[in-house]
Amino acid sequence: MPHPVQVKNLRKKLTERFRPLIPMKDVAGHPTEEQMFLSRAVAALAVQMVTERTDEEAAQAITDCGKDEGIDAVAVQGREIVVVQAKWHDKGNAGFGKHDVSAVVDGLQYLFNRDFEQLGPKMPPHVADLTTALSAQRPRVTLVLALVTGTELHPNARERLVEKIRALHKRNPELVSLEIIDLPAMYQAILGEKAQRKVDLDIELASPGRLEKPFPIYYGTVPASTVADWYAGENGDALTARNVRDALDDSEVNSTLRDSLIRKPEHFLYLNSGITLVCDQAGPKGVDPPDRWAPIGLHLEGASVINGAQTGDAVCAVTKSHPDRVAQAKVMVRIISLEDCPEDFGDQITIAANTQNPIEARDLRSVQQEQTDLREDFQLSLDLTYSVKRGEAEPERHEGCTMETAALALAAVHPDSAFAAEAKRNPSLLWGKANYQKIFGSLPTAHRVWRCVNLFWAVGDALDGLSEIDGRSSRRVAQVAEHAQFILTHILFHTMEAVDLDDEDLEAAWRERLFQVPERVQQAAAHLVDVIDAAYGRTSQVAKAVTLPERARDVVSRLIDLLAVGEEAEPAATPTAVTPPEAEAVVGAESTATAEPTSTAREDLLLRPTVGGRSTRAVTTIFTLGLIEEGTRFELRPDTEAEHRSLPRWVQEDPRRGRAVWQNSKSQPLLWEADGQAYSPSGLVRRIRREAMGNDQQVQGPKYWVGPDGRSLVQIAEDGGAETEEDAAD
């Protein structure tokens, strides 16, 4: 299945380009009007791609209606006729089956019989041109299937369609040719100049060799000047698109290559491992000579250098300074045609072939499809650069970001704070297969990645400007500024008011959150010092507290609770450092100072060995005091603006989603009517938000669940606790 980002961006661009141009009055108010528009827009895009007409002209070619007999658009130029059948699908799975074959063949039959009335009321403007074209000598008809799918047309359907269109005109079975435009082709079309251009090369290979099995491979030599020509003009970066990295300018290997080419160009062939190209298809150019070792001509379609980027870079550099030396050198070349290879064979070759410079795990991820999708999504949705390869120029902040920065930011905001800790301690671990899948496997959109990156940068900037915190030592503040960017990004992300990161219309709301970052970092940093001092001692290392996964989880849990009660209990000017026995057992000699705690809520949070938070306190109070009868029904009450927009509609689809029944359990007191399973209040809200909004941020669950009397679990716990205190006073 194709990446949903492609469908999203295709939909966006089709709407931008064709909504004002394609008439929709005939289906206005119809339940499927939007789907009909998108199908017509796909047909118009196909016309534009095949005929190079303007968008306005392509829109005028639309003939889609209830009686079009499978012909959604028609364009005529001279004796050439283009007929389009288009299909849109929201998930990128448009099909083309038996019924579709019959419909489009019937439409072509009516066309050839000049029975234009059968093709619907939108055909008359084209009748004159169609009649002229069909009456011309040797007319040509191209049937275009424009299908929003990443899957190839089933061989049976293709064979049946070809058979039937050949039978339409027995005297001229080649009258109709078939062209299929799928989702990847449409996506490349809407990318326009930003698309990765395919490179075709004509090569004369000297001293050639060839193997046909199991897959075609050619090898031989070419003049180094020919290699320089490959990179010239528009080819540039497109020639190395499949490689895991671009040339590394500061590499010792690259310097050695340039030096050897300048000093002894005649030895370059022997001292250099050469270049490996892969291509979509390789075929002969001209007639092969009878002499076994005579040069042969090859035409490569979709060629890409997957090993030897350093060689190409060195040749290009020396061509500018010493063209006479390059003219004397030769380069060994391997050419592998991927036409009949397994789908991932090209990636296997790319990874195996890169040995001149040490290959890093992140290099292997740069060729993953999700990185290509993100790069294109950045271009289309944000008009920004997403750099994926080592060796590429790193964009300025206002221009975009790198794949490494994206990985760090996504790790920092991951629901498991261990990812934030590991990202700070050893970023290379993020590129391991399991961790990479957890970070990028959910296929984040460009908007989500860019917003997370901006939060990560904003926290870093705030820490760079952090010079002092009231009551905390300058040494502690400096340690937090140096080591806490990841953990504080995690904290801020999971405690700020939720915003749908994928919604491009909420940019103003997200900017408002970023504006609050400096103040929130100042507050969170103060609490962070207090938490670490209390849990592990004033002489403990901040770096360990925020980079060791288990400690980081504990610190995050405590810190989230402190921020939750921050408005009720401001941090004391001089915090009390307390090391509970449980913490001493973990950190040993790191913990030194102890003190008697006071009874404030803030110090209670600092003292406890593990953190349960407000959610746990409310549930514990209710459970201990028996404040709710078993079987009491509670209803979900959205809290934030984003939830008020999304959750009611989602609950309306199945009202059971918004109801849960109380059971006397300290850990999982709510039975969700939607699935009959038990949850904690916060766990259930997070599950609901994840399914309804695609968002998994920390929440204070008890305030979301409201009983028959209109009180939330938090209010029930507070009222019950107050009554207990009054009874005790009496």
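Reader: In this predicted model, is aspartate 200 buried, partly exposed or exposed?
Author: The model is a predicted one. Aspartate 200 has a relative accessibility of 47%. Buried requires a value under 20% and exposed a value over 50%, so aspartate 200 counts as partly exposed.

Reader: Which strand holds aspartate 200?
Author: The strand in question covers residues 199-211. Aspartate 200 falls inside that range, in strand 5.

Reader: Which residues gather with Asp200 in a patch of negative charge on the surface?
Author: Residues of such a patch need over 30% relative accessible area, and Asp200 is at 47%. The patch lies on the surface and is one of negative charge. Besides Asp200, its members are Asp202, Glu301, Glu339 and Asp340.

Reader: Where is arginine 158 found, and what is its relative accessible area?
Author: Arginine 158 belongs to helix 6, which runs over residues 155-166. Arginine 158 is partly exposed because its relative accessible area is 40%.

Reader: How many Å apart in space are arginine 158 and leucine 178, C-alpha to C-alpha?
Author: In sequence, arginine 158 and leucine 178 are 20 residues apart. In space, their C-alpha atoms are separated by 9.3 Å.

Reader: Is alanine 157 buried or exposed?
Author: Alanine 157 also has its place in helix 6. Its relative accessibility is 5%. The limit for buried is under 20%, so alanine 157 is buried.

Reader: What is the C-alpha to C-alpha distance between alanine 157 and valine 101?
Author: Alanine 157 and valine 101 lie 56 residues apart in sequence. From C-alpha to C-alpha, the distance in space is 7.6 Å.

Reader: How many disulfides does a search of the whole structure find?
Author: A disulfide is a covalent bond between the sulfur atoms of two cysteines. Cysteine 279 is buried, at 0% relative accessibility, and cysteine 452 is buried too, at 1%. The count of disulfides in the whole structure is zero.

Reader: How many salt bridges does the structure hold?
Author: Side chains of opposite charge can pair when their charged atoms come close. For a salt bridge, the side-chain nitrogen and the carboxyl oxygen must be within 4 Å. The number of salt bridges in the structure is 35.

Reader: Which helices are linked by the pair of arginine 11 and glutamate 34?
Author: The side chains of arginine 11 and glutamate 34 form a salt bridge, 3.8 Å from N to O. The two residues are 23 residues apart, in distant parts of the chain. Arginine 11 is in residues 4-18 and glutamate 34 in residues 33-51, which are helix 1 and helix 2.

Reader: What are the relative accessible areas of arginine 11 and glutamate 34?
Author: Both residues count as partly exposed. The value for arginine 11 is 28%, and that for glutamate 34 is 29%.

Reader: How many residues apart in sequence are the parts tied together by lysine 703 and aspartate 639?
Author: Lysine 703 and aspartate 639 meet in a salt bridge of 3.2 Å, N to O. Lysine 703 lies in the loop between helix 30 and strand 17, and aspartate 639 in the loop between strand 13 and helix 29, so the pair ties together parts whose separation in sequence, in residues, is 64.

Reader: Which arginine forms a salt bridge with glutamate 653?
Author: Glutamate 653 is exposed, at 59% relative accessibility. The closest N and O atoms of the salt bridge are 3.1 Å apart. The partner of glutamate 653 is arginine 657.

How values were computed
Residues numbered from 1 in each chain as written. Predicted model: local features only at pLDDT ≥ 70, side-chain atom pairs only at ≥ 80, totals over all residues. Heavy atoms only, no water. Disulfide = S-S within 2.5 Å. Buried < 20%, exposed > 50% of the residue type's maximum accessible area, 1.4 Å probe, protein only. Patch = residues over 30% accessible without salt bridge, like charges linked within 9 Å, V, L, I, M, F, W, Y side chains within 5 Å. Areas by Shrake-Rupley, 256 points an atom, 1.4 Å probe, with all protein chains shown as cover. Lys, Arg positive; Asp, Glu negative; His and termini not counted. Charge placed at Lys NZ, Arg CZ, Asp CG, Glu CD. Helix = DSSP H or I, 4+ residues; strand = E, 2+ residues; numbered from the N terminus.
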